[in-house]
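Dear colleague,

Please find below the structure that I am handing over to you. My notes on it come directly after.

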Amino acid sequence: MSKIKTAFFCSNCGYESAKWIGKCPACSQWNTFVEEVLDKGNVKEEKWDDYKEEKRKTKTISLNEVQTTEEKRIQSRDPELDRVLGGGIVPGSIILVAGEPGIGKSTLFLQNGLLLNQLKVLYISGEESEQQIKMRADRLKIKNENFYLLTETSTQTIFQEIKKLKPQLVIVDSIQTLQSNLIDSSAGTVSQIRECAAEFQRFAKETSTPVFLIGHITKDGAIAGPKVLEHMVDTVLQFEGDRHYAYRILRTLKNRFGSTAELGIYEMTGDGMRVVSNPSEILIAQREDQLSGSGIAATLEGMRPLLIEVQALVTQSVYGTPQRTVTGFDTRRLQLLLAVLEKRGGFQFGMKDVFVNIAGGIKVEDPSIDLAVICALLSSYEDIPLPPHVCFAGEVGLNGEIRAVNKIEQRIAEAEKLGFEKIFVSKYNKKSFNPQAYKIQVVALSRVDEVYQQLF
């Protein structure tokens, strides 16, 4: 075998060097050089011609000759996973799933692999032993005779086992632990991750076998490895949530076969991940109607309407500098809303400590919860509880106006379904829906001071 040729490239500007350099001479950035493979020698690549009877033909054809047929998807037993993938698992797709350590990635896909008893599933683990995976499977209490384990990190050994077993679905946990002997570097490096992902991509496309790659994230929250890893795969899923709470969100960041606006919600239990079919009831289940500082917001997570509880506490500041503490909401957005209340409403928050919390441990970026946050702040400021069975959906502008939000019909329908009697929205949303079509009372207002007069 001839020697593998490598070079070092700046990940910022692409400058090439024969050896590693601390500072790039072209763009003056530090520690940006990574090793890349130029020539793998005469190592033969894996051939997958005999994996399936149907062989893929490679030839140039006219676009008009291409037959558009509906892609047949594999239905998993997990409706939330099917939702985020756009209706099921596409044969030959390669899916990257990333999330924080301990969030439940391995548990979720071990559970989904065990549930797919109609397929021959291979679970490849480079992090855990067979005994550890067996203990987790016993806890899930799911039996599957077609589920196979392989604890290996060498891709050459893995593909030899794949040729013997011929699985119909492959789960890799995790891509950062795999190592190809075509590259002389340790597992987890940029070149190793890219080469291993490319080998699995080639396998998935040539055999029409779906592959799930479980990935790590860095301390900044980005997916570990080169950015090209996200470009190579067909779908990127982010598994997120607070480990101190039971709820987890599976969010789509990229999807070549469906919408990126979908998300799935799970609850972590002792028996694995439980699908949450109606998250709104859970997120507002522990609400006390007679306490001040609590408001309900009609928000959207992806394409899914949710009702969440916004809690606010306003107290006199003991220290010289007032505190602004936020959980699940943007701190700068809170400061903006407080400035609007001071300038446009005359409320003095300058010497008050303000605490805002989104109940349930979820993080919300939808600006439509501004109105609920302001009403919760005013409720705590006046120490007057908001009326029961009232919710809010509106963005607040810098002039104190209530701005229109998108998909208002879905928000109103979700509030009506959960038994709310009144919803406050922007009057600029009135063209988007017919108030007579709903049993819930829809109150359309244009300014924050009008909401204050209505509620207090």
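The paragraphs below set out what was found, from the overall picture down to single residues.

This is a predicted model, in which local features need pLDDT of at least 70 and side-chain atom pairs count only at pLDDT 80 or more, while totals for chains, interfaces and linings use all residues. Residues are numbered from 1 along each chain as its sequence is written, and side-chain values use heavy atoms, with hydrogens and water left out.

**Overall picture**

The protein has eleven helices and 21 strands; helices (H or I, at least four residues) and strands (E, at least two) are DSSP runs, numbered from the N terminus. Along the principal axes, the C-alpha atoms fill a box of roughly 80 × 55 × 55 Å. Of the 456 residues, 48% count as buried; buried means under 20% relative accessible area, exposed over 50%, and partly exposed in between, with a 1.4 Å probe and protein chains only. Among contacts with a separation of 6 or more, 67% come from residues 24 or more positions apart, a contact being heavy atoms within 4.5 Å.

**The annotated site**

In an unreviewed entry, UniProt lists Gly99, Glu100, Pro101, Gly102, Ile103, Gly104, Lys105 and Ser106 under "binding site". The lining of the largest pocket includes Gly99 and Glu100 from this list. UniProt positions are given in the numbering used here, feature names are shortened, and annotations may be inferred rather than shown by experiment. For the pocket, the search ran on a 1 Å grid over the protein atoms alone: a cavity is a set of points where a 1.4 Å probe fits but cannot get out, a pocket is an open set with protein on both sides within 12 Å along at least five of seven lines, and lining residues have an atom within 4 Å of a point.

Glu100 sits in the loop between strand E4 (94–99) and helix H2 (105–115). With a relative accessible area of 40%, Glu100 is partly exposed. Not counting residues up to four places away in sequence, Glu100 touches Lys105, Ile217 and Phe239. Gly102 belongs to the loop between E4 and H2 as well; its relative accessible area of 58% makes Gly102 exposed.

**Helix packing**

H2 is mostly covered, with eleven of its eleven residues buried.

Two packed helices are described by the angle between their axes and the distance between the axes. The axes of H2 and helix H3 (residues 130–140) come within 10 Å and cross at roughly 70°, so H2 is roughly perpendicular to H3. Ser106, Thr107, Leu110, Gln111 and Leu114 of H2 make the contact with Ile133, Arg136, Ala137, Arg139 and Leu140 of H3. Axes are lines fitted to C-alpha atoms, for helices over the stretch in contact, and angles run from 0 to 180 degrees between N-to-C directions. Angles under 35 degrees count as roughly parallel, over 145 as roughly antiparallel, 65 to 115 as roughly perpendicular and the rest as oblique.

For helix H8 (residues 331–345) and helix H9 (residues 370–382), the axes come within 11 Å and cross at roughly 60°; H8 and H9 are therefore oblique to each other. On the H8 side, Arg333, Leu334, Leu337, Leu338 and Leu341 meet Asp370, Val373, Ile374, Leu377 and Leu378 in H9.

**Backbone points to check**

Most residues other than glycine have a negative phi, and most peptide bonds are trans. A cis peptide bond, with omega about 0°, joins Asp173 and Ser174. Ser174 lies in the loop between strand E7 (169–173) and helix H5 (190–207).

Lys141, a residue other than glycine, has a positive phi near 60°. Lys141 is placed in the loop between H3 and strand E6 (147–151) and counts as exposed at 63% relative accessibility. Ser208 is not a glycine either, and its phi is positive at about 55°. The loop between H5 and strand E8 (211–215) holds Ser208, which is partly exposed with a relative accessible area of 36%.

**A buried loop residue**

Ala359 is found in the loop between strand E16 (352–358) and H9. Its relative accessible area is 10%, so Ala359 is buried. Leaving aside neighbours within four places in sequence, Ala359 is in contact with Leu283, Glu309 and Gln311.

With kind regards
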